[in-house]
Amino acid sequence: MSSGREGDTGGYHEVYYDRRGRRRRIAPGQTPTVQRHYQETTSVLELHPGDRVLELGCGLGRFTRLLVEAGLDVTAVDLAPSLVETLAAELPQESGVELVCCPAETVRERVSGSFRAVVGFFFLHHLRQLEPVCRAAWSMLEPGGRVAFCEPNALNPLYYVQVTLTPGMSWRGEVGLPLMRAGRVFPAMTAAGLDACHHHLYGVLPPCVANTRAGGRLDRMLEAVLPQRVTTAYGVFAAERRQ
């Protein structure tokens with residue numbers, strides 16, 4: 001997903017996610033894989049209908065819509081004006097979503113109040129530095145609130161092949177992919193004041209297979225028997241603001 005990016009990558013990402021190919025990759029669509037990303041991520045947040053949730057890197061709203069369907073009070077942030085404008089035009093007015101266009105690390109300057117949860121789906125791995133956004137997330141959470149980021153597993157070698165060979169993808173756009181492991185994300189979280197860091201991995205097969213009934217069953221079976229550290233495709237990083 002697209003999102004606020006810091007430093008010299010900001011302007012680049014605005015263009016990167018406005019390309020036709022990238023828009024297709026982040027276009028809304030509810031598949032079994034998308035549903036699993038949502039469930040794996042929100043399961044660690046202990047949310048209830050009416051809770052206030054901040055989504056960083058909302059893109060075209062694939063996961064924003066699921067948050068709304070769960071009865072949550074959603075504020076969604078993205079760096080790219082064209083994506084925010086498209087999402088604003090497509091979301092039903094009754095959804096009540098507050099849309100904000102700004103870099104994620106500056107969200108406290110644009111959004112008031114506190115949130116029960118801060119969430120991001122395939123957002124963090126576009127960042128060159130993790131701590132500024134973790135600090136922003138901490139600043140937006142109420143005491144006892146939680147943050148969760150759903151991301152690629154940096155130790156799965158297939159991602160490096162994908163980014164290198166897929167038309168429309170680039171290492172400048174996916175710059176933070178090698179950082180998506182506990183040894184790099186947890187220090188950024190703790191430096192930002194977050195506690196109780198947790199990381200769990202899931203999923204093995206690509207979406208084109210896992211989205212089928214038989215493929216979904218096989219995915220769960222492989223996940224249970226293969227070494228998760230290097231074969232799983234996705235992971236969720238979660239933490240809590242205790243004070």
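Colleague: Where is Ala-196 placed?

Modeller: The model is a predicted one. Phi of Ala-196 is near 50°, a positive value in a residue other than glycine. Most residues other than glycine have a negative phi. Ala-196 is placed in strand 6, residues 195-202.

Colleague: Is Ala-196 buried, partly exposed or exposed?

Modeller: Buried is under 20% relative accessible area and exposed is over 50%, with partly exposed in between. Ala-196 has 42% relative accessibility, so it counts as partly exposed.

Colleague: What is phi of Glu-46?

Modeller: Glu-46 sits in the loop between helix 3 and strand 1 (52-56). With a relative accessible area of 45%, Glu-46 is partly exposed. Although Glu-46 is not a glycine, its phi is positive, at about 55°.

Colleague: How many residues of helix 3 are buried?

Modeller: Helix 3 covers residues 32-42 and is mostly covered. Its buried residues include Arg-36, His-37 and Glu-40, along with Thr-33 and Val-34. Tyr-38, Thr-41 and Thr-42 are also among them. Of the 11 residues in helix 3, the number buried is eight.

Colleague: Is the crossing of helix 3 and helix 4 left-handed or right-handed, and which residues of helix 4 make the contact?

Modeller: The crossing of helix 3 and helix 4 is right-handed. From helix 3, the contact takes in Val-34, Gln-35, His-37, Tyr-38 and Thr-42. The residues of this contact of helix 3 with helix 4 divide into five nonpolar, three polar and one charged. On the side of helix 4, the contact is made by Arg-62, Phe-63, Leu-66 and Leu-67.

Colleague: What separates the C-alpha atoms of Leu-60 and Asp-78?

Modeller: Leu-60 is in the loop between strand 1 and helix 4 (62-69). At 6% relative accessibility, Leu-60 counts as buried. Leu-60 and Asp-78 are 18 residues apart along the chain, and their C-alpha atoms are separated by 9.1 Å.

Colleague: At what angle do helix 7 and helix 9 pack?

Modeller: Two packed helices are described by the angle between their axes and the distance between the axes. For helix 7 (residues 131-140) and helix 9 (residues 182-191), the axes are 8 Å apart and the angle is about 45°. That makes helix 7 oblique to helix 9. The angle asked for is about 45°.

Colleague: How many residues in the contact of helix 7 with helix 9 are charged?

Modeller: Helix 7 passes helix 9 in a right-handed crossing. Glu-131, Cys-134 and Arg-135 of helix 7 meet Ala-188, Met-189 and Ala-191 of helix 9. In the contact of helix 7 with helix 9, four residues are nonpolar and none polar, and the number charged is two.

Colleague: Is Glu-223 buried or exposed?

Modeller: Glu-223 lies in helix 11, residues 213-225. Leaving aside neighbours within four places in sequence, Glu-223 is in contact with Arg-36, Tyr-202, Gly-203, Val-204 and Gln-228. The cut-off is under 20% relative accessible area. At 13% relative accessibility, Glu-223 is therefore buried.

Colleague: With which residues is Thr-232 in contact, leaving aside its neighbours within four places in sequence?

Modeller: Thr-232 is in the loop between helix 12 (228-231) and strand 7 (234-240). Thr-232 is buried, with a relative accessible area of 0%. Its C-alpha atom and that of Leu-222, 10 residues apart along the chain, are separated by 9.1 Å. With those neighbours left aside, Thr-232 is in contact with Asn-153, Asn-156, Leu-201, Tyr-202 and Gly-203.

Colleague: Of the 243 residues of the protein chain, what percentage count as buried?

Modeller: The protein chain has 12 helices and seven strands. It exposes about 10,600 Å², of which carbon and sulfur atoms supply 55%. Of the 243 residues, the part that counts as buried is 51%.

Terms used. Residues numbered from 1 in each chain as written. Predicted model: local features only at pLDDT ≥ 70, side-chain atom pairs only at ≥ 80, totals over all residues. Heavy atoms only, no water. Axes fitted to C-alpha atoms, helices over the stretch in contact; angles between N-to-C directions. Helix = DSSP H or I, 4+ residues; strand = E, 2+ residues; numbered from the N terminus. Parallel < 35°, antiparallel > 145°, perpendicular 65-115°, else oblique. Left-handed = near helix turned anticlockwise from the far one by under 90°. Contact = heavy atoms within 4.5 Å. Nonpolar A, V, L, I, M, F, W, Y, C, P; charged D, E, K, R; others polar. Buried < 20%, exposed > 50% of the residue type's maximum accessible area, 1.4 Å probe, protein only. Areas by Shrake-Rupley, 256 points an atom, 1.4 Å probe, with all protein chains shown as cover.
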